[in-house]
Amino acid sequence: MPWTRTITTIIGIFFALGILIIGKWLFTIGLCVIVFLGQLEYFQLVKAKGIVPATKTTLIVSQILLIAAAIAPHFTDALFTLAGTLICFYLLFQSKLASIADISTSILGLFYGGYLPSYWLRLRVGFDSTITNINIANNDLFVQKYLPNLWTKSQFFSPALNITCLAFSCIWAADIGAYIMGKSFGKTRLSNISPKKTVEGAIAGLIGSIIVAEIGSWYLGWPYCYLTGMVLGVLIGIVSLLGDLTESMMKRDAGVKDSGKLIPGHGGILDRTDSYVFTAPLVYYFVTLFLPLLQ
């Protein structure tokens, strides 16, 4: 791995861990900035195809959506619907008649760049209050028994921090495993969308994600820890790869190698965060819907 890429990777990991641990408004602000920059790159890719999306409107409503996810997570789905409607209204009343491509890319920018990342805020910032409210409403001892316990006796490590760190660790394991094994032993091309991706690398990434998820599931004391760890590891391993391929498909269609040049050795924001986009909602519903089914 080139030194530039290695150094920026280390800096990125420390930055992610810092805002993860502190959480709350620092995590919210950090994610809002990342989403804003990522959406700018996305709209640059779209405009390279001659499409004219509602860039400013989508950027603004996406930030409102993210802040709402941190303050009142239960309103986020409703706001997503309203935000999509607002974008359509904006495009309808432009002097130039909007095309289907203008509307669809704007809504995709909201969904891909704003709504899906909002699940990280629901998980890290709003998750503790969510399970507390569930426990109070249902008098559900399962929440206390099986959802992530504290790593220490200190209240510093909350369930939200535990599960978010575990999810990030699985993504990192998948990325690192796929990169190292793909570079060293990769021979079979995985997809024409991304010629550098190999089947050997994909398998190694999936195994890395499963190993980390199994350790985390056992350590956090989840029910049927080997099963839950396997499910979580497979989900993250596969979906993080699909997120990577989706972003590669966008770049290939736009005719560019990287989504941007903001991160030395890596490219743009989307090049480093594509694995996290589709992963967020799956992890959130894994701990709020799947785990409770096992009681």
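**Close-up 1. The buried side of helix α10 in this predicted model.** Twelve names make up the buried list for α10: G201, A202, A204, G205, G208, S209, I210, A213, E214, G216, S217 and L220.

**Close-up 2. Helix α10 from end to end.** The helix covers residues 199–220, 22 residues in all. From first C-alpha to last, α10 reaches 31 Å, close to the 32 Å you'd expect at 1.5 Å a residue. Just after the helix comes G221, which takes a positive phi of about 75°.

**Close-up 3. A nonpolar patch on the surface.** Here we're looking at I203, I207, I211, I215, W218, Y219 and Y226, which together have about 820 Å² of accessible area. Which element gives the patch its largest share? That's α10, with six residues. One of the patch members is Y219, and its place is in helix α10. Y219 counts as exposed because its relative accessibility is 51%, and the cut-off for exposed is over 50%.

**Close-up 4. Y224, in the loop between α10 and α11.** Is Y224 buried or exposed? Exposed, because its relative accessibility comes to 56%. The backbone deserves a look too: phi of Y224 is near 50°, a positive value in a residue other than glycine. For background, most residues other than glycine have a negative phi.

Terms used:
Residues numbered from 1 in each chain as written. Predicted model: local features only at pLDDT ≥ 70, side-chain atom pairs only at ≥ 80, totals over all residues. Heavy atoms only, no water. Helix = DSSP H or I, 4+ residues; strand = E, 2+ residues; numbered from the N terminus. Expected span 1.5 Å × (residues − 1). Buried < 20%, exposed > 50% of the residue type's maximum accessible area, 1.4 Å probe, protein only. Patch = residues over 30% accessible without salt bridge, like charges linked within 9 Å, V, L, I, M, F, W, Y side chains within 5 Å. Areas by Shrake-Rupley, 256 points an atom, 1.4 Å probe, with all protein chains shown as cover. Salt bridge = Lys/Arg side-chain N within 4 Å of Asp/Glu carboxyl O.
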